[in-house]
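Please look over the backbone of this model with me. A few spots deserve a check.

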Amino acid sequence: MAEYWYIAEGFEEKVQSFLTNNGESEVDMMFTVPEKDFNTAGKGSSEVKNLLKRLGVESGVLRRIAVASYEAEINVAAHSQGGVMHSAVFDDLIHVRFEDEGPGIGDIEQAMVPGFSTADDLVRELGFGAGLGLPNIKKNSDAMHIVSEKGSSTLVEFIIFFA
Amino acid sequence: MNKKDSKYFHAIQILEDNCTGCTACVRVCPTEAIRVRDRKATIDPNRCVDCGNCVTVCEFHAIIPSSDPLDIIKNFKYRVAIISSSFFGQFSEDISYANAKQAVLQLGFDEVAEEAMVTDFMISVIREYIRENRDKRPILSSNCPAVVRLIQVKYPSLLPNLFHHEAPMSILTRFLRDRISKESNLNDDEIGIFLIVPCVAHVTAVHQPEGAYKHLQDGAFSTGMIYGKVREIIKSVQNNPIEIDTYPQGLTWALSGVQAELVDTDDIRALSVNGTDNVMDILSRVEDHYLDQYDYIVLRSCTNGCVGGCLNVENPFVAMSRIKKMSKDADNKIIHVEELERLYEAGEFAVTPLAPRPIMELDKDIKKAIQKMKKINEFLTMLPGLNCSACGSPTCYALAEDIVLGKASLDDCVVLKRNKPGDEDED
């Protein structure tokens, strides 16, 4: 499996300590993201946003989380055979994981290039698939991790700190 | 009017004797401000945005709008009415715009002005603002007070996107007060300026001015009340008409779609939205940066815009059609806006940014908020998940939250109580 890591400058230690501590999350949320179902896609990220508003997460951070999770959720709906979105809220950060049923990303580095897209006609017709998905998640995240391979499932996860 | 328990004024009143505890209002409230406890509805004044949805939905005349009685104009020597643009859509076609306006004048005013007089000027100010603030996209309209409060309460991150100039009726108030005090020897407190408004949010804006409604008026009259009084004298007006200026093109301001069409131009892309649910959906998308391609979004809380306000008498679609017809049929009186432009250039219409009214947070401290959220989730697993609102909270989630915040208990759940073995209340 090919792997891609991005950690924003200055966040190396915080991300490392999060990954090694392996602590238990405080609040969890799960959503299934059905394939090509653009009516429900976006619901998961919208619920996560409502949860974070309840927790009083600062509005700038909230908008970054909203953009990243909406992008990723639409990606799963548009490009995969369906998947799940799992959000884990900790005291100081949110960790959102998207795991799908394939078909996998052939070239992750290429998918990270702004404007690159493999979206099919149906997806483009619905107004998605402009190819901004993954770079936009990266832009809004403090850390991002992708594991995938052509013909296999894809994991996209990101971490955003609250302060 | 509801002034107690809160720093916020609201133009909505509950008549306890009429309330049956049916929970219809609980379910239509966009900020989950209403609870029914002991079969009576109560409104949390910190959450209420004066959208009027509960007023419209209540079948028992238990939630009623408040506005000022017409008598209060007698406290002033010179009385001016400013009529909201939706007003003339209320009258059937046998009552002309000019006659209806004359009738308003004859209710005891010295002068009648209209929101419609300054809407052209507003459009140019809005366009200039959009062009000067390229860094903020989209710009959100601020003339619907319910939308502005909704943003303060639920979408505070969007406050900087609001159009930061006064609304037309507020600008007119300032302009008229200046002109009248210059032309006459009257003191400020002898000049009474009143709005005739289509909704409770505007009544609130008059009594608690802030944001786009910073210029104080002396009262707000309900469209419905004025409509009734106009109908009483309309026959005599029709028999003795006087010459009166009308501004049919400007009336389209009351229609949510038209303002967007008017602002839309080569370099400005505008979108219009109306109805509370649509407004919330769009605001949530703006929050996600998914509507950044729009330069301007016109947001109105009521169906079709101000014609849908709960103080109107006519159906919003009929009123809309009438206004469209009027605007096609006739020409506007030319309005001289030099004085308005002078005030605008002097920065008189700019408004200070509004502060958020965050009500969604469970706790100021995020760690405590998380602990409360965990408890909410625990209670949520015990509740049936029917979202029936029979407990008086809008959803099972809201009840769980009320329990954790000490405002309710599990016993409030009607379904749980029914299924509890050996309970006395069981049939």
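Where does His289(B) lie?

1. His289(B) sits in chain B, in the loop between α10 (276–287) and β11 (296–300). Helices here are DSSP runs of H or I with at least four residues, strands are runs of E with at least two, and both are numbered from the N terminus. The model is predicted: local features need pLDDT of at least 70, side-chain atom pairs count only at pLDDT 80 or more, and totals for chains, interfaces and linings use all residues. Residues are numbered from 1 along each chain as its sequence is written, while chains are lettered from A and ligands numbered from 1 in the order in which they are written.

2. Check the phi of His289(B). It is positive, about 65 degrees, although the residue is not a glycine. His289(B) counts as partly exposed because it has 16 C-beta neighbours inside 10 Å. By the cut-offs, 20 or more other C-beta atoms within 10 Å means buried, 12 or fewer means exposed, and in between means partly exposed; C-beta atoms are placed from the backbone.

3. Next, His61(B). Its phi is positive too, about 60 degrees, and it is not a glycine. The loop between α2 (53–57) and β4 (63–65) of chain B holds His61(B). His61(B) has 10 C-beta neighbours inside 10 Å, so it counts as exposed.

4. Now the peptide bonds. Gly102(A) and Pro103(A) are joined by a cis bond, with omega near 20 degrees. Pro103(A) is in the loop between β4 (93–100) and α4 (108–111) of chain A.

5. Chain B has a cis bond from Arg137(B) to Pro138(B), with omega about -15 degrees. Pro138(B) lies in the loop between α4 (119–132) and β7 (139–140).

6. Why list these? Because most residues other than glycine have a negative phi, and most peptide bonds are trans.
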